[in-house]
Amino acid sequence: MSVPLSAYLILSAYLFAMGVVGVATRRNALIIFMSIELMLNAVNLSFLAFARFLNSMDGQIFVFFVMVVAAAEVAVGLAIIIAIYRNKETVDVAELNLLKW
Amino acid sequence: MSNFSLVSTVVFLPLVGVGMLLLVDRRREAAIKHLTFAVSVLTFLVSLQLYRGFQLNVPGMQFVERKPWIAGLGVQYFVGVDGISLLLVLLTTFLTAIAILSSYTAITTWVKEYMICMLLLETGMLGVFVALDLVLFYVFWEGMLIPMYFLIGVWGGPRRIYATLKFFLYTMAGGVLMLVGIIALYYLNGGRPGGEYTFDLLKMYGLDLPLRTQIWLFLAFAVAFAIKVPMFPFHTWLPDAHVEAPTAGSVILAGVLLKMGTYGFLRFALPLFPEATRYFTPLFSWLAIIGILYGALVSMVQPDLKKLVAYSSVSHLGFVMLGIFALTIQGVEGGILQMINHGLSTGALFLLVGMIYERRHTRMIEDFGGLARVIPVFTAFFLLVTLSSIGLPGLNGFVGEFLILVGTFQVNVLYAVLATSGVILAAVYMLWMFQRVMFGKVTHEANRRLTDLTAREVAVLVPVLLFIVWIGIYPRPFLATTEASVKQLLAQVHIRYRADEPRGGTPPIPTESGKVGMGPRVMDASREPRAERGAEGQRGRGAEGINIVSAGDRAGSALAQANRPQTTDDRRGARHAQ
Amino acid sequence: MPSSLPQISWGAMLPMLLVAGAGILILILDPLTPPARRDRLAALALVGIVAAAVALWVRRGRPEVVFGGMLAADAFALFFNLLFLLVAGLTLLISLPYVRRVGMDHGGYYALLLFSTLGMMIMASSLDLMTIFLGLETLSISLYILAGFLREQLKSNESALKYLLLGAFASGFLLYGIALVYGATGSINLKRVAEAIASGKVANPLLLTIGMGLLIIGFGFKVAAVPFHMWTPDVYEGAPTSVTAFMIAGTKAAAFAAFLRILMTALPVLQPDWSRVLWVLAVLTMTVGNVVAIAQSNIKRMLAYSSIAHAGYILVALVAANKLGSGSILFYLTAYTFMNLGAFAVVVALARQDGERVIIDDYAGLGLKYPFLGAAMALFMFSLAGIPPTGGFMGKFYIFSAAIQANYIGLAIVGVLNSVISVFYYLRITVVMYMGQGEAESRPAGLSPALGLAVLIAILGTLQLGLFPSRFLEVALRSVGALLL
Amino acid sequence: MLNSLWLIPVWPLLGFLVNGFFGRRIGKTAVGTIACGSVGLSLLASLGALGKLLARPAEARRVEQVLAPWIGAGNFQADWGLLLDPLSAVMILVVSGVGFLIHVYSIGYMREDPDYPRFFTYLNLFTFSMLMLVLANNYLLLYVFWEAVGLCSYLLIGFWFEKKSAADAGKKAFIVNRVGDFGFALGVMLLWTSLGTLRYDQVFAAAPAQLVAGGGVVTAITLLLFLGATGKSAQIPLYVWLPDAMEGPTPVSALIHAATMVTAGVYMVARSAPLFTLAPLSLSVVAWIGGLTAVFAATIALVQTDIKRIVAYSTISQLGYMFLGCGVGAYAAAIFHLMTHAFFKALLFLGSGSVIHGLSGEQDIRKMGGLRKHMPITAWTFLIAALANAGIFPLAGFWSKDEILYGAAAGGYGAVWALGAGGAFLTAFYMLRCYYLTFEGRSRVEPEAAHHLHESPPVMTVPLVILAVFAALVGFVGVPPEHGAYHRFVEPVFAGAKQVAGHAASVGEVPMAILSLVIALVGVWLATRFYVWRPEIPARMVERYPAAYRTLLHKYYVDELYDALIVEPIRRGSLWLWRRFDEPVIDGSVNGIGALIRIGSLALRRVQTGYVMSYVLSFIVGVVAILGYLAFWR
């Protein structure tokens with residue numbers, strides 16, 4: 001009748017891996033951010049699938065919190081990126097390496 | 001004495017001095033110096049009370065104080081002295097006072113900090129010698145590094161930072177391994193049936209570990225101590241530290257700090273791991289012998305006075321280690337006495353080098369020559385100390401060295417022969433140095449204007465020299481102080497061994513086999529007191545005339561010795577003699 | 001499904017509410033406060049912290065579980081909450097002179113400090129993976145902002161961005177781990193997770209194991225375990241000094257609190273697995289942290305690497321996974337707080353009029369010139385190096401005792417040898433301060449009473465823990481009793 | 001007197017302390033008086049003790065006193081104990097008697113020296129130590145003062161320390177002696193380990209029972225002790241220090257390096273006679289070494305040109321005779337020779353000192369000659385001493401040397417006797433050569449030295465005369481040979497030793513004595529022929545045998561040999577150890593660990609690139625490793 005749990009999990013893992021690859025390969029801070037959002041949402045998918053499968057509310061509630069936290073992170077992140085852009089006029093993380101060694 | 005904690009008073013009196021120093025304005029340098037000196041002299045005087053109250057015939061710990069410290073782990077503030085530590089405590093308080101007096105003019109910057117360091121150092125060193133709880137011991141052992149580190153690093157010579165870091169890191173590297181050993185010992189002790197989780201050293205003495213475990217733990221302890229001693233090949237921090245340290249630092253370093261290593265062997269490594277001690281006796285004896293010869297040879301070609309003395313310390317401490325690992329009463333007692341002797345002689349040598357350095361700002365041997373004509377009083381002191389250092393009979397060094405050699409000879413002739421040849425080399429390097437510094441014509445103009453010793457400097461040296469002569473002529477009080485403790489120690493080391501050995505397992509050795517060193521051994525009687533022997537040997541021993549031990553340990557009539565039935569006691573002698 | 005609203009115990013919540021309330025109040029009052037009086041906001045924050053501490057203290061010995069099993073006011077939480085309040089209080093004392101000098105004395109700074117403290121408190125009190133996550137994010141998001149608080153400075157910006165990107169990235173892994181554990185055990189409550197594992201009801205063990213691995217990774221990031229440590233030096237170097245001090249002590253403690261609670265309460269059955277992973281992490285973390293610290297020339301960066309190394313030591317205690325190990329973590333973190341905050345207090349106090357003094361060589365000769373600060377710094381360095389008689393030594397002593405008790409002798413040996421390596425760079429500070437030749441010009445900013453108090457507290461704490469550690473260790477051991485069910 | 005033996009040595013100790021601490025303040029006269037007076041008091045005490053000893057029956061002539069315990073550790077025990085028996089009585093008389101005369105002589109000889117107080121301080125210390133050495137009642141105490149006299153010797157040889165050769169010589173003496181003491185110390189240890197005691201009486205009582213006669217242990221003990229004796233008494237192979245020791249002031253050479261200290265080895269061997277008796281092998285080693293040294297040193301003396309060195313080699317040679325005597329079991333004869341030798345050799349040195357003093361420091365006999373006219377007392381006394389040394393009847397040397405040679409012959413040691421006889425011939429030759437070149441013939445003195453050539457003051461010549469009397473007559477205490485007053489007194493000490501060294505061959509005493517006298521007279525005749533009647537012969541000899549001459553002149557190149565085989569290798573080896581091993585290898589490995597960590601630090605640091613991407617990469621590596629491990633390898 002239904003799609004098996006494993007399918008959700010594989011999709012979730014795939015999305016998560018996409019996000020990870022995005023973080024690892026992109027240089028634009030904003031796109032990295034989006035990749036992280038992708039990772040979080042991939043986890044959300046897992047949560048929901050588990051919640052459904054286990055018939056438990058915990059997962060669903062968790063997803064709400066994750067979304068809130070993600071929103072907060074984005075807000076802070078954008079503020080920081082703007083601050084950097086003001087100082088350096090770039091959002092390319094490859095150009096941010098004052099701090100090293 | 002029981003309700004008055006004398007040991008703690010001695011240990012922490014310098015700390016009180018530190019507290020007082022903190023209140024003195026740093027600009028009042030004279031007051032700071034006098035105050036520090038007064039505190040150190042007071043500490044010495046109080047430590048003399050320990051000697052006065054010490055009971056010579058009691059082998060165990062005296063003046064014991066015991067308070068819980070870290071209750072959860074069975075760590076205690078547990079201190080006390082036996083004959084071995086008592087002498088070292090006295091040496092420490094004595095040399096600290098001398099060292100402080102010697103720095104009156106040598107230290108011109110940051111006097112207050114310097115004096116604080118000296119007193120902190122004193123507390124640390126005393127703590128090491130009286131601590132009977134392993135953690136407490138370790139705390140003092142490592143904590144003492146801090147003031148010494150500053151003494152070398154702040155008031156030292158041009159390469160002081162390299163030297164002090166090397167000193168610190170090297171010593172600590174050994175120390176941390178010991179810490180692992182201490183903790184492992186704790187769990188082994190607590191985990192055995194009926195065992196108690198405690199760091200109480202005396203309770204751990206009863207621990208009966210398998211040989212393999214003992215070997216590892218012994219190594220953990222021994223490396224720490226061997227670095228401190230320093231035994232070959234762990235010695236290279238010493239010349240650097242000595243060369244760079246200020247005079248008083250060198251005095252303390254040579255006089256007391258090195259003794260912590262040898263003391264550690266006596267107090268911890270040997271009695272805790274008797275079988276491993278046996279197992280490692282050849283290795284450590286050989287290292288000691290290499291140290292004796294190697295230190296002497298390298299010392300011979302040093303151009304720097306301090307470095308020469310530093311390498312000579314390697315040689316002298318080799319003697320001490322050899323004596324300890326002879327595991328005979330003469331060897332160990334000689335070793336302990338030699339610790340004191342080395343503290344006095346080498347301490348005095350460093351004092352003298354420091355005095356000449358203050359005048360000439362060089363320590364290179366080639367910069368001197370002909371000083372005997374210019375500064376005769378200095379020369380006389382220097383000569384006496386030099387002779388003491390090369391073990392001239394009648395002075396302190398001889399007594400210790402000879403006892404060590406006799407003690408070693410009983411167990412292994414080859415060791416004794418090699419070590420004795422070190423005595424020749426000692427004469428070579430010291431006299432050659434003495435000749436180049438003192439004899440000949442004055443070749444440097446600057447040396448012509450040298451001034452002889454001041455009254456303060458004489459006052460610094462004379463007490464040391466008094467002890468040097470005293471021990472040479474009448475070492476009995478010193479030997480008697482340690483005797484009971486040494487016997488107990490040897491009993492601890494040997495007792496397991498005997499239990500393991502099937503009785504009568506070794507064939508009796510002929511009295512006179514025609515082979516050198518195969519004769520019956522007059523072994524340390526502590527293992528088998530024979531009270532009825534030695535009729536002519538009855539004599540009150542000890543400075544106080546207390547008749548401690550029956551004459552059983554005396555040579556007694558040599559005949560009784562020869563006819564004595566062979567027991568396993570002789571087994572060891574036989575093994576070594578092969 | 002019958003459900004009722006959970007009982008809310010206000011008394012148990014009071015400390016957190018006080019901290020949160022003080023933060024909100026500061027935000028409200030900030031626009032109303034003239035710039036010259038902003039230290040009143042700091043005072044308010046301090047009052048909030050002290051009040052929270054008092055509220056915690058009066059409820060000691062009365063463990064309670066609130067919010068339907070999501071938060072606990074047990075001994076473990078009490079211990080850590082008090083520790084966090086101590087960190088926050090000391091940070092405030094350090095901040096007072098610092099923030100004014102660098103021009104970041106906004107109410108927001110104090111409020112964020114309080115919010116992140118709140119996040120820590122939530123983390124340490126959580127009995128539930130969700131609250132742990134929430135606490136962690138509260139803490140982290142506040143810190144992202146704080147790290148970038150010097151908006152004009154590119155280094156601060158960069159620090160914040162790196163922290164944010166990597167922190168959010170790591171949060172993703174943590175979250176994924178939570179999801180998998182949830183999926184495998186059917187619960188996000190720590191005790192029920194443990195029960196599920198113990199009763200063998202885990203549907204897919206692989207899911208659980210991978211979930212555990214991801215949790216380790218997530219927390220490995222927060223505690224700065226190698227190879228998840230790379231953010232630490234950059235962030236700590238770039239962040240404002242007072243924030244670095246706060247992070248170095250607070251974040252680590254909070255992360256370890258939650259980590260410890262998860263491992264000991266939820267995953268004790270899997271101990272052989274996670275111990276083996278953490279064994280490797282511990283060795284790597286200690287070694288890399290210590291070795292790389294040697295080459296540093298910036299004191300903040302050096303202390304950052306040092307904090308990595310210390311995380312390694314604490315991981316050793318985690319590996320041991322026994323009562324003494326857990327207790328020693330608490331002890332160690334406390335000593336660690338004192339010595340690190342003390343060191344940062346000295347760094348702030350020795351700053352020049354015109355700017356900070358973060359290059360180690362700039363400290364040349366200061367030890368003897370400023371005897372009190374010099375001695376304090378030396379004490380903190382010796383303590384960090386683990387030399388008796390300091391708290392740092394006792395902490396290490398307990399940790400290695402725990403490791404040896406659990407028969408991890410090899411790990412203990414690696415640990416002690418690492419502490420020898422560490423001596424090299426800690427001593428370098430004292431070498432420079434006491435044995436270097438200082439230039440004459442540098443007049444330090446001066447020791448304000450608040451800073452002096454902070455240094456003094458740190459000294460007393462360090463010595464107290466080193467000389468008389470007995471009582472404190474008992475408290476720590478009692479506190480971890482709550483974990484071991 | 002016998003109840004307080006300490007009264008004998010204590011005076012020089014006091015003199016040492018007073019002069020040592022206050023010598024520079026109290027003036028030369030006081031220093032000299034104190035120094036001589038203290039030794040004089042010792043002499044009186046010794047005489048008193050001798051008198052008391054003589055008053056006792058022969059078997060009770062033995063007083064032992066323990067002053068204080070010294071070292072006690074476990075069953076090891078050594079005391080400050082004194083022993084007076086005929087043997088030590090002879091020794092203390094020699095030491096304090098000859099010592100007293102030399103002290104007096106030194107007042108004159110050292111008058112001009114600025115370090116006058118130091119000289120007498122050392123000299124007093126020496127006398128004290130030497131007295132203690134012979135009075136000690138156990139081996140360890142003997143060893144102590146054995147080294148103490150070595151120290152005094154070191155200090156006095158290097159007395160003029162500004163001269164490098166003097167300082168070198170002092171050091172050489174000390175170190176060579178240390179080599180001997182190495183053996184001595186080991187011997188003492190083996191002795192104690194075997195017997196459990198070091199006291200003479202106990203050792204000698206226990207030894208026959210516990211040590212197998214001729215066994216390895218007793219042989220080892222005695223050989224080790226003898227190694228010590230070869231050092232102190234300058235025998236092959238450790239004799240090399242003694243000729244150099246002539247760098248010291250001449251009274252020192254007389255006292256320490258002729259009369260007393262160098263005979264300590266002989267004393268020790270004689271003292272240990274009961275042990276040596278148990279070790280025939282050691283005895284023959286002693287005899288052979290003694291005999292070889294006697295000849296060897298005498299040959300070197302033939303060509304030396306330094307007056308003091310000639311006498312020094314003569315001393316080595318005569319000491320060889322004493323060991324020869326001990327080795328053949330003629331201990332009493334050896335000690336007898338020790339005593340007579342002390343007088344005539346001290347006299348020879350003091351005579352040379354007088355010559356040197358008169359010539360303002362000149363020591364080369366090629367620059368002397370014809371001095372008898374200028375310093376007659378010195379010349380006559382020197383001649384007496386030379387003839388005594390040569391063993392000319394009836395002077396002291398004749399009696400004692402003859403007795404030794406007789407002992408060798410009677411003991412069946414033919415080869416050893418031959419060595420001794422050859423040595424006696426050489427001795428007579430070089431002694432007379434020395435006398436002729438110095439005092440007879442035409443003067444070869446450098447003009448400026450000749451200018452104030454003079455006889456020495458009475459304070460120097462009176463001791464010469466007294467010594468000359470003794471050198472001439474003291475032999476008569478040993479007349480008739482083997483049964484004289486001397487023998488009756490000393491012989492009981494060696495009663496235990498006699499049993500082995502019985503007379504193996506029967507040779508007549510008188511013919512042997514005549515034979516040795518003839519040998520000596522031939523030597524005298526040859527010397528007279530070479531240096532008085534046909535002075536061109538020596539130069540011809542040199543031309544004919546240049547290699548032999550050079551070898552002798554360079555003392556067989558032994559110093560050079562030791563230098564090349566021992567001194568240099570050790571020095572170079574030490575330098576190598578320090579520069580090539582200690583610094584680069586041992587210290588290098590310590591610093592190497594540090595450097596390695598530092599390099600690791602710099603390398604690992606580079607991983608931290610500052611780029612977020614690389615941080616993420618590191619993160620991902622960790623993720624893969626952990627998850628991979630947990631998923632697959634667990």
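C:Tyr109 is in helix α4 (residues 107–125) of chain C and C:Phe149 in the loop between α5 (129–147) and α6 (154–185) of chain C, so the pair ties together parts 40 residues apart in sequence. Helices are DSSP runs of H or I, at least four residues, numbered from the N terminus.

The model is predicted, so local features need pLDDT of at least 70 and side-chain atom pairs 80 or more, while totals for chains, interfaces and linings use all residues. Residues are numbered from 1 along each chain as its sequence is written, chains are lettered from A and ligands numbered from 1 in the order written, and side-chain values use heavy atoms, without hydrogens and water.

I checked burial (under 20% relative accessible area, 1.4 Å probe, protein chains only). C:Tyr109 is buried at 0%, and C:Phe149 is buried at 14%.

Next I looked up charges over rings (NZ of Lys or CZ of Arg within 6 Å of the ring centre and within 35 degrees of the ring normal). The charged end of B:Lys228 sits over the ring of B:Trp141, 4.6 Å from its centre. D:Arg118 has its charged end over the ring of D:Phe159, 4.4 Å from the centre.

Notes:
Helix = DSSP H or I, 4+ residues; strand = E, 2+ residues; numbered from the N terminus. Buried < 20%, exposed > 50% of the residue type's maximum accessible area, 1.4 Å probe, protein only.
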